[in-house]
Amino acid sequence: GNLLVRNRIFRSATAERVADEQGRPSDALIDLYRALALGGVGMIITGFAFVHPSGRTSPDQSGIHRDELIPVWKRIIDGVKKVDSQCRIVMQIVHGGRQVSRQCVDTPIAPSEVYDSVTGITPREMKEDEIFEVIQSFGDAARRAKEAGFDGVEIHGAHGFLISSFISPYTNRR
């Protein structure tokens, strides 16, 4: 689109795992992103933030699933922009699908009930209304990111998470 980045130094999305039980990122994330901005990074892509409670991949994963998180993310953005107003920051959003943490989600969901040999889990097939709910959750998460001041959103659609499970004929047998 029309987003300009001052250099080609990008901080790729990496799971930081510094959030509390509500998915609220800690001050450690502010410190990390500020240090990256001070170092001259042109764009920071956050670690994946879950868009719906059913898509959380770890107890310490950051979330963007509730409006109450907007001020926390805004504070993070403001911290980066205070250090370097030209640094761009993009939020990566995700739903873990069949690869969620059993500590966070009782019943993992996916397009189809296909055993996952890595996690040892067979997810429950999503109902049509759940699919639409998750789609809406991605849209709501993007709105929240915009309201917090992010320069953009990146949708995580790889590594066996929910979106890639819909794309794969192995995990989507609908």
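Is G139 buried, exposed or partly exposed? At 39% relative accessibility, G139 counts as partly exposed, where buried means under 20% relative accessible area, exposed means over 50%, and partly exposed lies in between, with a 1.4 Å probe and protein chains only. Before I go on, a word on what we are looking at: this is a predicted model, in which local features need pLDDT of at least 70 and side-chain atom pairs count only at pLDDT 80 or more, while totals for chains, interfaces and linings use all residues. Residues are numbered from 1 along each chain as its sequence is written, and side-chain values use heavy atoms, with hydrogens and water left out.

G139 lies in helix 3, and here helices (H or I, at least four residues) and strands (E, at least two) are DSSP runs, numbered from the N terminus.

Let me turn to helix 1, which runs over residues 27-38 and has twelve residues. Its buried residues are L29, I30, Y33, L36 and A37. These cover an arc of only 130° around the axis, which puts them on the same side of helix 1; the arc is that of the directions from the helix axis to the C-beta atoms. On the face turned away from that buried side, helix 1 carries the exposed residues D31 and L38. The buried residues pack against strand 1, strand 2, helix 2 and strand 4, contact meaning heavy atoms within 4.5 Å.

Next comes the largest nonpolar core, which has 30 residues; such a core is a set of buried Ala, Val, Leu, Ile, Met, Phe, Trp, Tyr and Cys residues joined through side-chain atoms within 4.5 Å. Helix 1, helix 2, strand 4 and helix 3 each supply at least two residues of this core, and helix 3 gives the most, with six. Among the residues with the most contacts inside the core are Y33, I64 and W73. Leaving aside neighbours within four places in sequence, I64 is in contact with residues including W73, M91 and A141.

Finally, consider T46, which is found in the loop between strand 2 and strand 3. At 0% relative accessibility, T46 counts as buried. The side chain of T46 reaches the backbone nitrogen of Q92 at 3.0 Å, and, not counting residues up to four places away in sequence, T46 also touches Y33, W73, M91 and F150, among others.

Note on methods:
Expected span 1.5 Å × (residues − 1). Polar contact = N/O pair within 3.5 Å; in protein donor to acceptor, adjacent residues only side chain to side chain.
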